[in-house]
Protein chains: 2
Amino acid sequence: MVRSQHAKGDGEQASVRGDDQRLVDLSADLRPLDDEELACLRQVGEHWAAAVGGQDPAAVALLVDPGLHRYPEAAQVDGGGRFAPVDVRTAEATGEVLATEQATEPLTGPGRLLSWARRVVVGHPRDSSAVAHERMRKLVALPVLASDALSSIAYGPEAMLAVLVVAGAGALSLSLPIAAAIAVLMVTVGLSYRQTIRAYRSAGGSYIVAGDNLGVVAGLTAGASLMIDYVMTVAVSIASGLQAITSAVPALRPASVLLGVAAIGLLLAGNLRGVREAGAIFAAPTYAYILALLLLVGVGLIHGAGRGFHASPPPDVSATQAVGLLLVLRAFASGATAMTGIEAISNSVPAFQPEHWRNARATLTWMIALLLTLFAGTVLLVHLDGIVPRSDQTVLSQLAHRHLGGPLYAYVQAATAAVLLLAANTAFNGFPRLLFFMARDGYAPKAFLHMGDRLAFSNGIIALAVVAGVIFVAFGGRTESLIHLYAVSVFLAFTLSQAGMVVHWWRTRAAHWRRSLTVNAAGAVLSALVLLIAAVTKFTAGAWLVIVLLPLIVVTCLRIHRHYQRADDVLRLRPLDREASGQVALPAAPAGARQSPAGEQETEESPEQLRHLVVVLVATLHRPTLRALAYAASLGQPVLAVHLSPDQQEADRFRDYWHAWGDHVRLEIVISPYRAIVAPLARYLQALHQQRPELTLTVVVPETIARHRRHQLLHTNVAARLGRVLRMQPETVISTVPFHLPT
Amino acid sequence: MVRSQHAKGDGEQASVRGDDQRLVDLSADLRPLDDEELACLRQVGEHWAAAVGGQDPAAVALLVDPGLHRYPEAAQVDGGGRFAPVDVRTAEATGEVLATEQATEPLTGPGRLLSWARRVVVGHPRDSSAVAHERMRKLVALPVLASDALSSIAYGPEAMLAVLVVAGAGALSLSLPIAAAIAVLMVTVGLSYRQTIRAYRSAGGSYIVAGDNLGVVAGLTAGASLMIDYVMTVAVSIASGLQAITSAVPALRPASVLLGVAAIGLLLAGNLRGVREAGAIFAAPTYAYILALLLLVGVGLIHGAGRGFHASPPPDVSATQAVGLLLVLRAFASGATAMTGIEAISNSVPAFQPEHWRNARATLTWMIALLLTLFAGTVLLVHLDGIVPRSDQTVLSQLAHRHLGGPLYAYVQAATAAVLLLAANTAFNGFPRLLFFMARDGYAPKAFLHMGDRLAFSNGIIALAVVAGVIFVAFGGRTESLIHLYAVSVFLAFTLSQAGMVVHWWRTRAAHWRRSLTVNAAGAVLSALVLLIAAVTKFTAGAWLVIVLLPLIVVTCLRIHRHYQRADDVLRLRPLDREASGQVALPAAPAGARQSPAGEQETEESPEQLRHLVVVLVATLHRPTLRALAYAASLGQPVLAVHLSPDQQEADRFRDYWHAWGDHVRLEIVISPYRAIVAPLARYLQALHQQRPELTLTVVVPETIARHRRHQLLHTNVAARLGRVLRMQPETVISTVPFHLPT
């Protein structure tokens, strides 16, 4: 049951283990105890039994029936309309209590309103047992996972032409050979990913492939590239989709940033609903788009055939730059963004219906074929028609105007916009899954392990929406600015993934390993070449940002991992040391060693080792205070009351009240002539702790709680502030004793 | 010692009581117990003694020395450099512990950095005993409190001319009679406020005068007007000051909003330093400004005398509107904004050196004289020179260009800008003081009672800066838009204050009451007239906003008051009812009556009435959890452990661990198939509470605390979320048991 923290390349075993371990798994955040820890647990238990004799469970049963067997009506009574009718349903057979859907409802007013809105937008929560059904058929998976790659046709060729046109209209004819090179690249990378899917039958994303075969840093670099890639996919796709809309309806141009943010919000809501329904929403537009482009290319070629395939010369554009190698390479790097999203399918193999990998592979082949057809067709058509990129209209819009017009033009633009807005959805599938894997290996916060109540990784989805939204707004939603940040991360991930596969085949020598190795090597070399070209030619245009960000992300991941490892070392159960287990009496105050709070830890792990001092904060003598004093006294431990006065006069007055009450609890008054409240109290508690560090201080804070949150502002709440200040102090428990106002 | 919640008009006594009660007083937020409460306190104490026999104070003394007498070194030891060397100094003579300045230092890293920055900007904290010295001499009080009124010259006449010029250049000659009317108004209101200062010798702000004599609603209306007035003073003064700057340096115009926000920030910091130092900062610019305007008017009149006081005709401006009564009245209402700030002195009588009221009165007289001179001089000069208001240059700038020029021009503009930026400071004196009085009467949140460690009302100062900043930015920092919101609130406060004085004289019949009543009545009638004119003529231009806001503020104040009253009724000590005091045994579960949490209150006020159930939340079995279990068990109360599982399999595994440990504590497992964490736990605790509402549930939450805050994001903190959800549940104490990571 022991899980290694991260998998390093160790041959065949890696991919085999991958099969059962790399599936998304619900209890990934619940680490099972290993044998050593279990042994420690037993030892601690025996020690506890010897020291305190064990509590009589009947004591609790006498008080309440925790399983609520005998009091089903207690859980059903609806008092003032504020409790849901059925809270907790007892599973009689097992003795466990089962939380129903209602039990996930928030208890507070605003929380409930939010929850209602959430139900409307996101849907009802789903039982964990539904996870097996959240799988996509090929016909659904193609639009969901290929929309990114296919939609790249809308900006890839345009980005290429925009670079070439700088050297004048004549240079545009270079688009054909450059496009041919990109087509070769597409086929190579596509074939290469087919090998990956075969070898990594669960989730063979670049992160895992590179990490398994090239080591941790390579894996994290691939992961970081993919993270940037996903963010850019969202930003670029939405920017480009809005360009398609504003080409048709120029009046909307001023609102495009706002529309983009709204689109990201829509995707966020859609994806929080869960993966299958998201697929259903997105299937239609993608197919509509494929049909639209096929129609456009088809009609365009028929028109071209009518002219005997003679290319119309483009309108004269004055050159501002000579044609040179750098320009051609930059155009190539820009055009290669038409390939973005090709890896999506290999990252999402587990989302397919079984047999996962076969279905994924077939879908990938289909996608590559479609991508090639549409890319080649579009570039050819642009060449034949002599189209020049314009700032107010996309190239696709110009083509559609020329060959279709009228309602068909509107159809092409609408489908393009829809598919681009939805292409961003691919990232919403991939990004949270990537973070899940990284979090499971301890390289990302564990919060990304938690599956939302709709079986979607809500935290990852929300994180992506926020980051992409910020980037989109920061760049004013302009495709041409965003696209320069794009190519580097995409081809870095490609390169690492395929280089990893080369090592994989070399190590495993699995069936057909020679052929696979050759294909992957070709893919890796070509991708590396594009990466180099993109990094050099686009460095000043924005690629530097990505090149700076990548190592930062990798270092952050490594630091997170280091923190988790250290924390695990500290948190895991360990054998009781002889001294503590032998000696049941109170250990002597360990003086010097305990003075530094930095390395200080709570060590007492069985009840007899704890000595208490309960400190009650007393501001004024009203009912909440007396209630807190009663609470503290009733615990049967030594109690000390602490009062803070602004001056001596106030202090004397308060001491008189205390005498009138009867001095039942020892009172200490701290005079705070600087009128600060929290800091002097915290200092006083700190001094108490330093005096006898072996005492556990329970700080009881009375809190007046108003019924409405807006009224809460009218009452000072010291507990929260004190808790924040004292959080670093060891052996200090903060207990808030509430007193509820009826109003 | 009983303080009435608010003072209603009850003749001479009101102003006498005012003398000792209306001073700003440090312990205003510490309400003394009245006799009834003291009796209750004694009764509760006797009952407690009878029921539990009283705790032996020696028990605490054996554990620690709370006064830290014997362990002075304990408080002085500096462990890892994180504790201040001296925390708590014991005042040997009194037995109290005295918090030193170091003890007000925050304990956490970021808090310390913030605190250091604060010390640099705001200064070191001040001992409460320094409050008596924070009084202003007349020569300092004049610039601090009169800068608002005097600086109004910079925008009042200009606003009047801007209205008249709409009817063409010819209409500008109407400025002389209108200005004469305003001058009459100034003298009347000024005399009227002299009466107020004499009668209300401490703080005779409109809020208190109107409240005392006309009733609560009138007082609150005056208070609300003043609040708006102060906010508008800041916004208009800063906008107008920036106009003076951009008249001289047009290049700065695009940055004016940014500069305005920076100026507000500067005022915020200056005022947080405390009132006297603020005065020292502001004295020089105000005197420089008075000198500058006197110089300008003097030179201008000499120039005019050279021409035999013949008025130059203004340049021809085409009229877009005919001269009519409405136009004249609107010009009058706009010009009357030159009077804003006249009331500042009467609101701040306690800030003067003793004899407060005499010094205040003398300062008021000086201020009115200066105001009249400068106003009349400016308007006369504008008329003689035939100046027309322009959008790119202020009227004062035009005058200074014409009569002075060169370095003297720069001096006039700089002094005007400085005094306008600083005039806003008047509001920073008045606003927090107003909120203090309103809070003491229970009409504003009690947070405004708290004096900061520099003896300034920090909360009020910060609130003003934030609101004024928002208004300033929202109106783009344009004086002409802001000024329309100004007049209504100013003259409403004037009217209510002086009407209140009329009632006051009628009731008290103090010395010279007839003359005073007449003066105040004249002031009230004239102010009411201007109020009416302003409300009608500026309604559509923005005054409607003020007219809507005023009742909203008044209603909010009344609601706050109602809440505090109700809360006081509930919170104050009350006699034990016979049943509870007679019966020491556990009261029977009061079934139905306790089912509704809405009106539910914690009633147990002595220890023997409490029955405990300690519930420990157990997520996984690691050291923090075991520590929390040990803490719970060591309290010696019944303990129940609750674990949340996503599915049955996980639940079974956990139960096995629990058996391995030895089942020392009863375990309950809640299965949450929807993967929610906080809500099902909260529901379960709710059901427990409903089952036995007389039990006090202590929910023990283990919390892993990382050393660095950024690492805290890597650990889930359920305690805070659970606390928020369960805050409405009665009898539920949340205890967080920390476990500190060394990393």
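This is a predicted model: local features need pLDDT of at least 70, side-chain atom pairs count only at pLDDT 80 or more; totals for chains, interfaces and linings use all residues.
User: Which residues have the most contacts inside the largest nonpolar core?
Analyst: They are Val234(A), Ile238(A), Ile342(A), Met438(A) and Phe491(A). That core has 146 residues.

User: Which helix gives the most to this core?
Analyst: Helix 17 of chain A, residues 406-440. Helix 17 of chain A gives 17 residues to the core.

User: How many residues are in the second, separate core?
Analyst: That core has 145 residues. Among them are Tyr193(B), Ala210(B), Ala218(B) and Ile264(B).

User: New topic. How do helix 10 and helix 22 of chain B cross?
Analyst: Their axes come within 9 Å and cross at roughly 125°. Helix 10 of chain B covers residues 216-248, and helix 22 of chain B covers residues 539-571.

User: What do we call that angle?
Analyst: The two helices are oblique to each other. Angles over 145 degrees would count as roughly antiparallel, and 65 to 115 as roughly perpendicular. The crossing of helix 10 of chain B past helix 22 of chain B is right-handed.

User: Which residues meet there?
Analyst: From helix 10 of chain B, they include Val216(B), Leu220(B), Thr221(B) and Ala224(B). From helix 22 of chain B, they include Val546(B), Leu549(B), Leu550(B) and Ile553(B).

User: How many residues of each class are in that contact?
Analyst: The contact of helix 10 with helix 22 of chain B has 12 nonpolar residues, two polar and no charged ones.

User: Now His711(B). Buried or exposed?
Analyst: His711(B) counts as buried because its relative accessibility is 13%, and the cut-off for buried is under 20%.

User: Where is His711(B), and what is in contact with His711(B)?
Analyst: His711(B) is in helix 27 of chain B, residues 709-712. Leaving aside neighbours within four places in sequence, His711(B) is in contact with His563(A), Ala706(B) and Thr743(B).

User: Last one, Leu526(B). Where is Leu526(B)?
Analyst: Leu526(B) is in helix 21 of chain B, residues 513-537. Leu526(B) is partly exposed, with a relative accessible area of 26%.

User: What does Leu526(B) touch?
Analyst: Leu185(B) and Thr188(B), not counting residues up to four places away in sequence.

User: And how many Å apart are Leu526(B) and Leu714(B)?
Analyst: They are 66 Å apart in space, C-alpha to C-alpha. In sequence, Leu526(B) and Leu714(B) are 188 residues apart.

Definitions and conventions: Residues are numbered from 1 along each chain as its sequence is written. Chains are lettered from A and ligands numbered from 1 in the order in which they are written. Side-chain values use heavy atoms; hydrogens and water are left out. A nonpolar core is a set of buried Ala, Val, Leu, Ile, Met, Phe, Trp, Tyr and Cys residues joined through side-chain atoms within 4.5 Å. Buried means under 20% relative accessible area, exposed over 50%, partly exposed in between (1.4 Å probe, protein chains only). Helices (H or I, at least four residues) and strands (E, at least two) are DSSP runs, numbered from the N terminus. Contact means heavy atoms within 4.5 Å. Axes are lines fitted to C-alpha atoms, for helices over the stretch in contact, and angles run from 0 to 180 degrees between N-to-C directions. Angles under 35 degrees count as roughly parallel, over 145 as roughly antiparallel, 65 to 115 as roughly perpendicular and the rest as oblique. A crossing is left-handed if the near helix is turned anticlockwise from the far one by less than a right angle, and right-handed if clockwise. Ala, Val, Leu, Ile, Met, Phe, Trp, Tyr, Cys and Pro count as nonpolar, Asp, Glu, Lys and Arg as charged, and the others, Gly among them, as polar.
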